[in-house]
Amino acid sequence: LARLTGLVLARSRRDAEAEPLLRRTLAESAAGEPEVARELARIYLNSYRLDLVPAVLDRWVRDAPRDPTPHLWRVEVDRRDSKEPAVLIAHYREALRRDPRLDEARLGLAEALLAAHRN
């Protein structure tokens with residue numbers, strides 16, 4: 001019940017109410033919870049609690065290994081944290097390994113390679 005309620009609240013942008021339910025769901029569940037991880041990561045990103053995002057993204061990657069989205073969200077975290085282009089390049093490549101047609105990752109990779117002077 002906490003899982004479903006948390007997801008509904010998160011998708012309704014009632015993040016303050018959804019967050020504890022989503023955190024509890026991830027903590028208590030050994031099953032794959034990619035939807036829960038996605039919503040919790042979104043809440044943390046939107047509230048600039050960047051220190052909490054990596055662990056949730058790690059869980060998302062574990063629960064949905066073929067999903068390129070958590071790798072793109074890692075770029076967002078690392079960009080806000082002023083990481084080097086090489087870090088961003090690695091995340092974009094991971095996303096593209098999962099979906100080579102992903103335009104957002106292709107463009108991001110090209111821009112990161114240009115920033116790293118790797119034409």
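Visitor: Which residues are buried in helix 4 (residues 53-63)?

Guide: In helix 4, the buried residues are Val-53, Val-56, Leu-57, Arg-59, Trp-60, Val-61 and Asp-63, where buried means under 20% relative accessible area, exposed over 50% and partly exposed in between, with a 1.4 Å probe and protein chains only. This is a predicted model, in which local features need pLDDT of at least 70 and side-chain atom pairs count only at pLDDT 80 or more, while totals for chains, interfaces and linings use all residues. Residues are numbered from 1 along each chain as its sequence is written, and side-chain values use heavy atoms, with hydrogens and water left out.

Visitor: And what covers the buried residues of helix 4?

Guide: The cover includes helix 2, helix 3 (34-46) and helix 5, with contact taken as heavy atoms within 4.5 Å.

Visitor: Stepping back, how many helices and strands are there?

Guide: The protein has 7 helices and 0 strands, where helices (H or I, at least four residues) and strands (E, at least two) are DSSP runs numbered from the N terminus. The C-alpha atoms fill a box of roughly 50 × 25 × 20 Å along the principal axes, and 46% of the 119 residues count as buried. Among contacts with a separation of 6 or more, 44% are between residues 24 or more positions apart.

Visitor: Back to the helices: why is helix 5 described as largely enclosed?

Guide: Helix 5 is largely enclosed by the rest of the structure because 9 of its 12 residues are buried. These are Thr-69, Pro-70, His-71, Leu-72, Trp-73, Arg-74, Val-75, Val-77 and Asp-78, and what covers them includes helix 3, helix 4, helix 6 and helix 7.

Visitor: What follows helix 5?

Guide: Helix 5 is followed by Ser-82, whose phi is positive, near 55°. Helix 7, for its part, is followed by His-117, with a positive phi near 60°.

Visitor: Which residues of helix 7 are buried, and how are they arranged around the axis?

Guide: Ala-105, Gly-108, Leu-109, Ala-112 and Leu-113 are buried in helix 7. Seen down the helix axis, these buried residues fall within an arc of 135°, so they line one face of helix 7; the arc is that of the directions from the helix axis to the C-beta atoms. The face turned away from that buried side carries the exposed residues Asp-103, Glu-104, Leu-107 and Leu-114, whereas the cover of the buried residues includes helix 5 (69-80) and helix 6 (85-98).

Visitor: What does Leu-113 touch?

Guide: Not counting residues up to four places away in sequence, Leu-113 touches Ile-89, Arg-93 and Arg-118. Leu-113 counts as buried because its relative accessibility is 17%, and its C-alpha atom is separated by 39 Å from that of Leu-9, 104 residues apart along the chain.

Visitor: Is Glu-19 buried or exposed?

Guide: Glu-19, in helix 2 (residues 15-28), counts as buried at 12% relative accessibility. Leaving aside neighbours within four places in sequence, Glu-19 is in contact with Leu-40, Ile-43, Tyr-44 and Arg-49.

Visitor: How many positive and negative side chains does the protein have?

Guide: There are 22 positive and 20 negative side chains, and the centres of the two sets lie 3 Å apart. Lys and Arg count as positive and Asp and Glu as negative, with His and the chain ends not counted, and each charge is placed at NZ of Lys, CZ of Arg, CG of Asp or CD of Glu.
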